[in-house]
Amino acid sequence: LELNKWVHLTAWYDSTTATARLYFSEGTGLPPTVADSHTYPGIPPFGVDYFDHNDLLLGKLQPLFGEDYYYSGYLDELRFWSRALSLDEITDAVYRVYAPFSVQLNSIGLVGYWPMNAVKCTEELCGLVIALQQWIFISGIVETRFTSSLVLYASPRATPTIVADCRSEQNAGQDADCLCAEFQADYCWDPIAQSIAECSTCPGCEFVRCYGPFSSARCLEVRIPGTLAQMSLAEKYPLEIQPCGDENPFQKFTKTAAGFGRLQVSASPLFCIATVTEGPFRGSAPIVEACIFQNGNTAPIPSQAWAIDPSGLKARNELTGMCLTASSLLSGSTPYMVDCISVDLFNPDALVQSFLFDWANGRNGIVVDGSFLTSNTKCNGVSLCE
C-alpha cells in the first residue's frame, strides 16, 4: 500500500471453509486483487468471534499487555456484511454507495454501514465533538492583552439549581457555576424565546458572553516537572487537560494583539503555545516552547500565532489552519490539532463537511456522522452507537 493514496480493502471470511482473504483495489475498474489468503486448520464451519477485551475496535488494537496501537489515516464507506460476498459482488461494492434504508440493506446482508458523509450536526450527534474544540477565555483585560484560563466548553455540566442556562447574563450573575468569557459572541440571547438569536432581529437582546453552568470545569495546563522558575528555554513542554484551579499559574495564558497573536504562559511570558512546524499537522500535539521573535518584530511566527473566535469559541492556529482540540475530559489527556468544525447556529439543517475518523499520531480522533447499523437497536441513522 502507498502512503497518501486511497485504496479499497475487503476482509473476507467464509465460515463454511474457514478461509480468510484480504482483497485490495486501487480503483482502476478491474476486480480487486487477493493480497493474502489463509485457511484455518480443523473442521469447519468456524464463526467469527471476538475477545471481550478487544470487542470490535475500529482503528485501534488494544493488547492485554503492552501499549495500544492506532491506525493513522482515514476511513470512508465502512461496511459490515453478514455473509461472504462473491468476487463479482465485491467488485460491485468497490464502485458504489448505498442508500441508508434498513430493509433494503438487510435484504442484501449489509448489516453495518458508515457512509461518512456530511451530516446535519444536531446537538445529540455532534454536541460533544464540537465542544471538545471550544474554549471559554475568562479573566481580566489589560489594554490589548488579556490573561486567561482556557476552559473547555465540554466540561461536565452542573445539575441546574438556580438557572438552567447561563447564556443570559442576568441568569449568569445568579450562579457561580456560570463562566463568562472575555469577548462577547456576535449573536444574542432572546429572553422570551429562551434561545439564541441574531442580534439584528432581537432589539434590546444581550450579546452572549456566558456559558454553563459547569460542575467541574476542565482547563488547558502546561505540564512542567517542577516550578515555573525551573522552565528552560531550551526545552519543550507538553499541554494537558486538568481540573481548573483559580490560582494555578500553569493554567494562565496571555494573548497579545487582535487577530493572530501569541498565547504566552502568563507567569513566564518568554514561553508560548506552539504547533509543530512541519506536517503532518492533523493529530499533532501542541507544545509550550520559547517564544520566537522575528528580527525584533513583535509579530509571532505562524506556528505560535493563535486567533480567538469569540462566537465559535475556537483557538485556531495560523500555520496549520487547525483548531486546538481536547482528546477527552480525562485528567492528563493530551490536546491535539485537528480540522476546525464549523456549524451554522441558525440553520440546523445545514450540512457539516468533515472527516469521520482520524487516528493520526495515536489520537482517538474526531467523530462526525451517525452510525447506521441496521441490525443493532442501539445504533440508528441520527445518533452514535451507545
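These are my notes on a predicted model of one protein chain.

**Ground rules.** Since the model is predicted, I kept local features to pLDDT of at least 70 and side-chain atom pairs to pLDDT 80 or more, while totals for chains, interfaces and linings use all residues. I number residues from 1 along each chain as its sequence is written, and side-chain values use heavy atoms, with hydrogens and water left out.

**Overall.** I looked up the secondary structure and got four helices and 27 strands (DSSP runs numbered from the N terminus: helices are H or I, at least four residues; strands are E, at least two). Of the 386 residues, 43% count as buried (under 20% relative accessible area; exposed is over 50%, partly exposed in between, 1.4 Å probe, protein chains only). The chain exposes about 20,700 Å², with 55% of that from carbon and sulfur atoms (Shrake-Rupley, 1.4 Å probe; for residues, only the protein chains shown count as cover).

**L9.** I found L9 in strand β1, residues 8-14.

**A three-strand sheet.** Next I looked at an open sheet ordered β13-β12-β14, with antiparallel pairing (two strands pair if DSSP finds at least two bridges between them). β13 (195-197) and β14 (206-207) are at the edges with a single partner strand each, so one side of each has no neighbour in the sheet. I checked β12 (residues 188-190) against β14 and saw antiparallel pairing over two bridges. Which residue is the bridge partner of W189 in β14? I noted E206.
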